[in-house]
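Subject: Structure for you to look at

Hello,

Here is the structure I promised to send over. Please open it first; my notes follow below.

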Amino acid sequence: MAPSRGFGVLVATDGSSQGRAAVSTAVEFPWPRGARGEGVVSRGGSVSAELPAGVAAVVDGSLDRVARDARRNLEQRWPGSEVRLVDGPPLEAILSRARRVGAGAIVVGSRGHGALGRLLLGSVSRGVVRGARCPVLVVKGRARAAARFVIGLDGSVGARRAVDFVARLTPPRAGRLTLIRVVEPARLPSLGLLPAALRGIVRGAAAALHAQRLQAARKELDAASEKLRRAGWPTRLLVRVGVPAPELLRAVKAVQADVVVVGARGVGGLERLLLGSVAEAVLSASPVPVLVVR
């Protein structure tokens, strides 16, 4: 997989149930047309180097089988796919390989399980999401076809990038997309000590501010919906009032979404290390795969 050959998908696996689900989900995911796939398996760097020779040989043999199994699965969609065994700790191996090949997206399981998974991969998904220069799909639970998407909007640059990224995908035959914008209610200061006349003024100002926020939310949804419909996605629009992360997760459950999409919301020079509170909460609590776009 070379940077000049179009959209590349890098799939990380360790042979665990979540690693296998990441491979299967990547194969079924509606990537942009012409996408190509490659796998990466970490040898574990200094961890495996410190093992007794006999144990290290067993681990290496297990990793070879993991790579072969992943390659067979990836070849169902991308004939000739490669799965690289890379030296180094898992997080470093995944991010380094992604940079080297100019990956358009990374797919990783939410955490490793079993003896081999705990030893060589463990839970690196959060580190990959924070350190990657491209969108990351964190696969949770069983492998599934991705047809029902939910995108959370919040007026940020990250949210707009999330919409742009989904617009590049190939809408599946039964694809459905729900756009949700959660408006937090205006917080009022304690009004008990204010004169009655001022209380009414403060409440009126808060109501006007809330109405402005609702109007801006609908405008943002309409603009995003127009872009996605032009790309072939049937869309449904939702405006909710409340706390963003819980409302977004409720929408995921209500529409039986297969994937939830959020934009990273970094700040300044720390942009690649900070996801924003909503993305962090969704990444932790979502029962379905989370696509984090930056």
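Val150 has Val260, in E9, as its bridge partner. Keep in mind that this is a predicted model. E6 and E9 run parallel and are joined by three bridges. On to the next strand: E9 and E10 (residues 290-293) also run parallel, with four bridges between them. There, Val262 stands opposite Val292 of E10.

E9 itself is mostly covered, with five of its five residues buried. That holds on both faces. Val259, Val261 and Gly263 lie on one side, Val260 and Val262 on the other. In a regular strand, side chains alternate between the two sheet faces.

Gln256 sits in the loop between helix H9 (244-254) and strand E9 (259-263). Its phi is near 55°, a positive value in a residue other than glycine. Is Gln256 buried or exposed? Its relative accessibility is 57%, so Gln256 counts as exposed, the cut-off being over 50%.

Now the core. The largest nonpolar core has 44 residues. Those with the most contacts inside it are Phe29, Trp31, Val107, Phe149, Ile151, Leu228 and Val261. Helix H7 (residues 157-168) gives the largest share, six residues.

Leaving out residues up to four places away in sequence, Phe29 touches Arg77, Leu137, Ala146, Phe149, Leu169, Val259 and Leu291.

The aromatics come next. There are five aromatic pairs. One of them is Phe149 with Trp233: the ring centres are 5.2 Å apart and the planes stand at 65°, so the pair is edge-to-face. Which parts does this pair tie together? Phe149 is in strand E6 (residues 148-153) and Trp233 is in the loop between helix H8 (196-230) and strand E8 (235-241), so the link joins parts 84 residues apart in sequence. Phe149 and Trp233 are both buried. They also belong to one aromatic cluster with Phe7, Phe29, Trp31 and Phe165.

A quick check on helix H1 (residues 17-28). Its twelve residues should span 16 Å at 1.5 Å a residue, and the end C-alpha atoms are 17 Å apart, which agrees. Buried residues in H1 are Gln18, Gly19, Ala21, Ala22, Val23, Thr25, Ala26 and Val27.

Last, the salt bridges. The count is ten.

- Arg130 and Glu280 meet at 2.8 Å, N to O. Arg130 is in helix H6 (residues 125-131) and Glu280 in helix H10 (residues 277-285), 150 residues apart. Arg130 is partly exposed, at 31% relative accessible area.
- Lys227 and Asp164 meet at 2.7 Å, N to O. This pair links helix H8 to helix H7, across 63 residues. Lys227 counts as partly exposed at 33%, and Asp164 is partly exposed at 35%.
- Arg181 and Glu220 have their closest N and O atoms 2.6 Å apart. Arg181 is in strand E7 (residues 176-183) and Glu220 in helix H8, 39 residues apart. Arg181 counts as buried at 16%, and Glu220 is buried at 18%. Elsewhere, salt bridges with shared partners join Arg126, Arg130 and Glu280 into one network.

Best wishes

Conventions
Residues numbered from 1 in each chain as written. Predicted model: local features only at pLDDT ≥ 70, side-chain atom pairs only at ≥ 80, totals over all residues. Heavy atoms only, no water. Core = buried A, V, L, I, M, F, W, Y, C linked by side-chain atoms within 4.5 Å. Buried < 20%, exposed > 50% of the residue type's maximum accessible area, 1.4 Å probe, protein only. Helix = DSSP H or I, 4+ residues; strand = E, 2+ residues; numbered from the N terminus. Contact = heavy atoms within 4.5 Å. Phe/Tyr/Trp six-rings, centres within 6.5 Å; stacked < 30°, edge-to-face > 60°. Expected span 1.5 Å × (residues − 1). Pairing = 2+ DSSP bridges. Salt bridge = Lys/Arg side-chain N within 4 Å of Asp/Glu carboxyl O.
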